[in-house]
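Trainee: Please take one part of this model and go through it closely. After that, describe the rest of the chain in a connected way.

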Amino acid sequence: MISVENLTKRYSAFTAVDDVTFTCEPGTITGFLGPNGAGKSTTLRMITGLTSPTAGRTTIGGIGYAELPNPGRVVGVMLDAAAQHPGRTGLETLRLSAALMGLPGRRADEMLERVGIADAAKRRVGNYSLGMRQRLGIGATLMGDPQLLILDEPANGMDPEGIRWMRGLLRDFAHRGGTVLLSSHLLGEVQATVDRLVVIGGGQVVAQGSLAELLQRQGVVVRGLDPSGLRRALEGAGLAVDVQPDGGYRVDGTAEQVGRAAALAGEVLTELRDSDGAGLEDLFFELTSASDRGAATSVAQLAESRRTN
């Protein structure tokens, strides 16, 4: 299990990470999302012992990363696939990882086969495509047969086949009881892969929970013969109205509230139904659109309202 408790990082007067708390349980894949500058990378660096927190603590299986006697045998970490030495071959890169973990050199050959780049084993990493570097980096994380994985943008640069391969690998890892913490900007891929989400904005956690729970959206979809008149009626009744791409309205309210508002204004409805679940992209922008420090409180309140409505 990965545990993050009241984690804070300040740089002089600037707070990059502010009282962040979450856990990643065995058997799950947790997506860690946020806009650029939200504090994701700093949080991951603190979890993996590369940056010291100002306050709070993080543990891997109940132990701080720096206290792990052989970290690669417990947690596989890939924060930057491009950081691999360009002058080494893929095989040399993984043999070095094996040596650092006290593993036999043949483990490197096995892992290159597993991640699908055995035919490039003797090519220099500087000549690899970004997708190949990602596969090599994932291979390095799996070298020590860890129980946990921490991955930052692992699908970046991969083609559709590679992304599908990675998704299957992570699901199989979690199915066998492993724990995965995954940061990515590919929201569609995150939605197709993870079980849980932690969303960070302005250095603070603005939402967390199961994917299904956070994507659940309250409200109704409504259409009428006179769209502009219907919108005026709904807004006049104090109901929040979002225009949908197909021209309908999503309204934060019950079917009864919408029906009464329309009837009082003499508006004829052509459709009134429960809203479908929102996509991850909608949720992401809703939760992080106010991610500056001054808006952090309102964002947290928005997340709370989504959980309680």
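Mentor: Thr51 lies in the loop that runs from helix H1 (40–47) to strand E4 (55–60); helices (H or I, at least four residues) and strands (E, at least two) are DSSP runs numbered from the N terminus. The model is predicted, so local features need pLDDT of at least 70 and side-chain atom pairs pLDDT 80 or more, while totals for chains, interfaces and linings use all residues. Numbering starts from 1 along each chain as its sequence is written, and side-chain values use heavy atoms, without hydrogens or water.

With a relative accessible area of 13%, Thr51 is buried (buried is under 20%, exposed over 50%, partly exposed in between, with a 1.4 Å probe and protein chains only). Neighbours within four places in sequence aside, Thr51 touches Lys9, Tyr11, Arg45 and Met46, where contact means heavy atoms within 4.5 Å. With Arg45, Thr51 also makes a side-chain polar contact of 3.1 Å. Such a contact is a pair of N or O atoms within 3.5 Å; within protein, one must be able to donate a hydrogen and the other to accept it, and residues adjacent in sequence count only if both atoms are side-chain atoms.

Another loop residue is Ser12, between strand E1 (2–11) and strand E2 (14–24). Ser12 is exposed, at 77% relative accessibility, and has a positive phi near 55° although the residue is not glycine. Most residues other than glycine have a negative phi. Asp145, in the loop between helix H4 (130–142) and strand E6 (148–152), likewise has a positive phi, near 50°, and is exposed at 54%.

Strand E8 (196–201) runs antiparallel to E9 and is joined to E9 by 6 bridges, with Gly201 opposite Gln204.

The largest nonpolar core has 50 residues, and Ile138, Leu170, Leu197 and Leu280 have the most contacts inside it. A nonpolar core is a set of buried Ala, Val, Leu, Ile, Met, Phe, Trp, Tyr and Cys residues joined through side-chain atoms within 4.5 Å. Helix H5 (160–175) gives the largest share of this core, 7 residues. A second, separate core of 21 residues includes Ile2, Phe32, Ile47 and Leu148.

The other open sheet to note has 4 strands in the order E11-E12-E10-E13, paired antiparallel. E11 (240–243) and E13 (269–274) are its edge strands, each with a single partner. The twist here averages 25° from one strand to the next. Helix H8 (227–236) packs on this sheet, touching E10, E11, E12 and E13, and its direction makes about 10° with that of E12.

By an automatic or database assignment, the protein divides into domain 1 (2–209) and domain 2 (219–274). Their C-alpha centres are 45 Å apart.

Methods:
Pairing = 2+ DSSP bridges. Axes fitted to C-alpha atoms, helices over the stretch in contact; angles between N-to-C directions.
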